[in-house]
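Welcome! Take a moment to look over the sequence and the 3D view below, and then we will walk through a few parts together.

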Amino acid sequence: MRITILDDYHDTLRTLDCFRKLSGHEITIWTDHVQDVDKLAGRLRDTEALVLIRERTEIRAPLLDRLGRLELISQRSVYPHIDIEACTKHGVVVSSSQHPGTPSYAAAELTWALVLAAMRQVPQQMSELKAGRWQIGVGNSLRGKTLGIFGYGRIGSIVAGYGKAFGMNVLVWGRNGSLKRAQHDGYVAAPGKAAFFSSCDVISLHLRLVDGTRGIVTADDLALMMPTALLVNTSRAPLIEPGALVAALKAGRPGTAAVDVYEEEPVLDTRYPLFAMDDVVCTPHIGYVTRDEYEVQFSDIFDQIVAYTAGKPINVVNPKVLPGNGPTPDR
């Protein structure tokens, strides 16, 4: 098959062990980010299988209308960036492993790195030291403080364990199933959302972005946080009501934030509001960007291509597109 891989910024995928699974296919890799429909249509005009790296590029109807040879989109995790209905209309199979029961240790580790960096002012102290100044302020310890986990799933449960290991009191909020899992593991469930936001020293978001979680953290929620509290978001930016985090930080509740995700990515504007705030630690969506994590994720993604070429597609999120499951797609 003619396979195209988009947004492989550092040309990493061809260096992975799992890349051998695509042996025998014609592969094109693009290392820059393009969202312009005309440019993408030109790049993908002969593509039969498209590999996406998370949500880096949106695949919508205006683009799909121009990709007459596309048969398969292979990726991993959620797919708010893909127009599934348009894919089905055009006969494009979307395979996306939801990797149940397989935590992203890379994302959990980055979350904890951000917690430590923000609480101990690591980026700020480093910057001032390089500028010739010694000790610009006093940081905060974690032991004895309360860590709030919003969403006790694959990643949230791992971060909760890190907090426990650092001597923190762990408090959990989320759906009923999430709370029951947390209680089963020995953690305390908050009595309510308001109590959760008002009593935690550190809150870390670990929710999937779906219709039901978009904007789930509101301005009112953030206003309940303590002036000394830290909010960490390594999940998805739209979990927070648009504009609410910047406004809340300006109002002093919470006092600090650490974020790895943004409304639109990549963010290349140095005037981005969060970048100008002294008490905010920002990283460029690198939660899952480690070689080990790439091996796990792209092994799944490439397996989906192998299965499709064998006539046995797996992890199909639009099964109506498969023969015998619905009307004949438009091509």
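Against which strands do the buried residues of H7 pack? Let us begin with that helix.

## Before we start

This is a predicted model, in which local features need pLDDT of at least 70 and side-chain atom pairs count only at pLDDT 80 or more, while totals for chains, interfaces and linings use all residues. Residues are numbered from 1 along each chain as its sequence is written, and side-chain values use heavy atoms, with hydrogens and water left out.

Helices (H or I, at least four residues) and strands (E, at least two) are DSSP runs, numbered from the N terminus.

Packing rests on contact, meaning heavy atoms within 4.5 Å. After H7 comes Gly186, whose phi is positive, near 95°.

## A buried serine

Is Ser95 buried or exposed? Ser95, found in strand S5 (residues 93-97), counts as buried because its relative accessibility is 0%. Leaving aside neighbours within four places in sequence, Ser95 is in contact with several residues, among them Leu72, Ile73, Gln304 and Val316.

Cys18 counts as buried, at 5% relative accessibility. Cys282, at 27%, counts as partly exposed, the class between the buried and exposed cut-offs. With a disulfide taken as a pair of cysteine sulfur atoms within 2.5 Å, the count comes to zero.

## An enclosed space

A cavity is a set of points on a 1 Å grid over the protein atoms alone where a 1.4 Å probe fits but cannot get out; lining residues have an atom within 4 Å of a point. The whole structure has one cavity of 30 Å³ or more. Its lining is made by Leu52, Ile53, Arg54, Gln75, Arg76, Gln297, Phe298 and Ile301. Strand S4 (72-76) and helix H11 (291-309) each give two or more residues to this lining, and H11 gives the most, with three.

Conventions
Buried < 20%, exposed > 50% of the residue type's maximum accessible area, 1.4 Å probe, protein only. 1 Å grid on protein atoms, 1.4 Å probe; cavity = no way out; pocket = protein on both sides within 12 Å on 5 of 7 lines; lining within 4 Å. Points joined across faces, edges and corners; volume = space filled by probe spheres on them.
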